[in-house]
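Here is a friendly walk through a two-chain model, meant to be read with the structure open beside you. Take your time and turn the view as you go.

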Amino acid sequence: MANLTELTLAQAAQGLAAGDFTSAELTDAHIAAVEGARDLNAFVTETPDIARERAAASDTRRSKGEVAGPMDGIPIAVKDLFCTDGVLTSAGSHILDGFKPPYESTVSQNLRDAGAVMLGKANLDEFAMGSANITSYHGNVINPWKAADGKDRVPGGSSGGSAVAVAARLCLGATGTDTGGSIRQPGSFCGIVGLKPTYGRCSRWGIVAYASSLDQAGPMTRTVQDAAIMLEAMAGHDAKDSTSAPIGVPNFAAALSGDIRGLKIGVPREYRVDGMAADIEALWQNGIEMLKDAGAEPVDVSLPHTKYALATYYIIAPAEASSNLARYDGVRYGLRVDGDSLDEMYENTRGAGFGTEVRRRILIGTYVLSAGYYDAYYLKAQKVRALIAEDFRKAFQTVDAILAPATPSAAFPIGENSDDPVAMYLNDVFTVPLNLAGLPGISVPSGFSGEGLPLGLQIIGKPFDEETVLRIGDVLESSAGFDAKPSYLKGDA
Amino acid sequence: MSLDKDTVRNIAFLARIKIPDEELDHLAQELSGIIGWVEQLNEVDTESVEPITSVADMSLYRRKDVVTDGGYQARVLANAPDPEAGCYTVPKVVE
């Protein structure tokens, strides 16, 4: 039997269908991989018993000819931001100590209904706030890729555990969430595919909220085809999320025709930022050439307000976070630290329960929403957000998709960029604009940094046009021929 | 705009987060750095721009105002730190 953890999700689905192996065998191989890679700290909670139970149920369905679809029997990781019925959901925070939701998020329920097998809950930055997975109460996640210096590197964030679980062959796919780049940036840092769908494509119900107008769930996988398969299982209208789009879910995998001839691919000149690293610039240029060789036409486009996207994001996201995180008060779930009065109990609980980055963002959010400052910061940011969204609308009048780098650098060593919050925020410079505009984007491993670390290119699409994004991503993936494996798997980590 | 120690103490109270006094100076400096950085938005002319709260191009749908869920007190209370007699508990509020 082939090494079951080396299969792609699509290959595993074929193998299950052909009867080459059972979901129980596939799942056991992945449980063993998870247990053997605990040094990467990719999981907050492992759920081998649940996994074996669901794998057995899948095999039973298959034996009766009642297969739910290509995800049936496929072992996945679930970011620990999705509420899972009866299973600890920590959001990477101390303040949710012991929280076992008595309900299942819509996206994880959709995956369950599709037959997917949950291996465990993946580590993440606390409340999804971070770009390096160094803010989790449950410890840092380690990138399975190393450069010649041998230093432990960050996996990116906030979906760092999900990205590492996929890259290190601990699962065939993982759910992530992306508020400012939290799927695409760790995808790029770990050499895997990360897809942020259009805002409204996947239900937010049951996902621990960070910034509700920006949060969106999506798949993280080793191939574009796998992302297409997994997204189809995750997506769909949900009456429990008022911003969930009431539209049908296409067969995303069918969009991968391999034919992008005649498509106009925008190359935004404002993304060529000052001091752009030479390897990122070369990667981007190479991506343009590859798409051109495949018959697409690169077109110069302008997104003039790009440089203001980060500052806009770091007003809007903390503002929404300060409101969303008001619910953690020590009364209904999670941590409680007693006090003599109600206010003191709140203050003690929240003082002890939140880590420094979360605290920083709640305070910024509280400040920009407070009386006297609301217009100067929050309202101003909402107006600039309108301009950023308008930039994309105009660009998409002339192009079918946009090609850009996913990150300004490759994965950096743990400890770097951590003294200055603003330096850390700059990681999201190429990913944040899409969230502000609600657009879909995919990060596809497309090359390497000077140090031999993976780098991703990002394809940005029109609202609800994930199909074009996936089709171009698939062509880019084939052209780039990225087939290197993390050093961790070669045993020289 | 730079934030002083008192401002930070005040927003920490508004956010109900206890912050030890010795951390206030450092925090004031950090938050001032972030606020100073986001103030670059002042360069942008937004005179005739309408603010947006969401990019979702849709209006909220309506449903009948009826109870659609509920009736499971035990599940609701299952995660409470200190439930009593079928209720959440908090420190005494009224003397």
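## Chain B on its own

Please keep in mind that this is a predicted model. Chain B is built from three helices and has zero strands, so to read its elements from the N terminus is simply to read α-α-α.

How does the radius of gyration of chain B stand against that of a compact globule of 95 residues? Such a globule would come out near 12 Å, but chain B has 23 Å. Along the principal axes, the C-alpha atoms of chain B fill a box of roughly 55 × 45 × 25 Å. Burial is worth a look too: 15% of the 95 residues of chain B count as buried.

## Where the chains meet

The contact between the chains draws on 55 residues from chain A and 38 residues from chain B. On the chain B side, helix H1 (5-14) and helix H2 (21-38) each supply at least two residues. H2(B) gives the most to this side, with six residues.

What kinds of residue make up the side of chain B that touches chain A? They divide into 26 nonpolar, six polar and six charged.

## The largest nonpolar core

In soluble globular proteins, nonpolar side chains tend to be buried together. In this model, the largest nonpolar core has 167 residues. Those with the most contacts inside this core are A:Ala42, A:Ile76, A:Ala165 and A:Ile315. Helix H9 of chain A (residues 309-324) provides the largest share of the core, 10 residues.

Setting aside residues up to four places away in sequence, A:Ala165 touches A:Ala42, A:Ala77, A:Ala122, A:Leu170, A:Cys171 and A:Ala174. Two of these names, A:Ala77 and A:Ala174, come back below as bridge partners.

H9(A) has 16 residues and reaches 22 Å from its first C-alpha to its last, close to the 22 Å expected at 1.5 Å a residue. This helix is mostly covered, with 14 of its 16 residues buried.

One residue in helix H9 of chain A is A:Leu310. Why does A:Leu310 count as buried? The cut-off is 20 or more other C-beta atoms within 10 Å, and A:Leu310 is buried because it has 22 of them. Leaving aside its neighbours within four places in sequence, A:Leu310 is in contact with A:Tyr425, A:Leu426, A:Asp428, A:Val429 and A:Val432.

Strand S4 (residues 173-177) of chain A is mostly covered, and five of its five residues are buried. Both faces are covered: A:Gly173, A:Thr175 and A:Thr177 lie on one side, while A:Ala174 and A:Gly176 lie on the other.

Which way do the partners of S4(A) run? Strand S2 (residues 75-79) of chain A runs parallel to S4(A), and two bridges join them. Within this pairing, A:Ala77 has A:Ala174 as its bridge partner. Strand S6 (residues 217-221) of chain A pairs with S4(A) in the antiparallel sense over five bridges. To locate this pairing in the viewer, look for A:Thr175, which stands opposite A:Pro219 in S6(A).

## Backbone details to check

Most residues other than glycine have a negative phi, and most peptide bonds are trans. Against that background, a few spots in chain A are worth a visit.

The loop between strand S3 (117-122) and helix H5 (160-167) of chain A holds A:Ser158. The peptide bond from A:Gly157 to A:Ser158 is cis, with omega near 10°. A:Phe127 is found in the loop between S3 and H5 as well, and its phi is positive, near 55°. A:Phe127 counts as buried because it has 31 C-beta neighbours inside 10 Å.

A:Arg169 sits in the loop between H5 and S4 of chain A. Its phi is near 60°, a positive value in a residue other than glycine. Is A:Arg169 buried or exposed? A:Arg169 is buried, with 22 other C-beta atoms within 10 Å.

Conventions:
Residues are numbered from 1 along each chain as its sequence is written. Chains are lettered from A and ligands numbered from 1 in the order in which they are written. This is a predicted model: local features need pLDDT of at least 70, side-chain atom pairs count only at pLDDT 80 or more; totals for chains, interfaces and linings use all residues. Two residues are in contact if their C-beta atoms, placed from the backbone, lie within 7 Å. Helices (H or I, at least four residues) and strands (E, at least two) are DSSP runs, numbered from the N terminus. Ala, Val, Leu, Ile, Met, Phe, Trp, Tyr, Cys and Pro count as nonpolar, Asp, Glu, Lys and Arg as charged, and the others, Gly among them, as polar. A nonpolar core is a set of buried Ala, Val, Leu, Ile, Met, Phe, Trp, Tyr and Cys residues joined through C-beta atoms within 7 Å. A residue is buried if 20 or more other C-beta atoms lie within 10 Å of its own, exposed if 12 or fewer, and partly exposed in between; C-beta atoms are placed from the backbone. The expected span of a helix is 1.5 Å times one less than its number of residues. The radius of gyration is taken over C-alpha atoms; the globule rule is 2.2 Å times the number of residues to the power 0.38. Two strands pair if DSSP finds at least two bridges between them.
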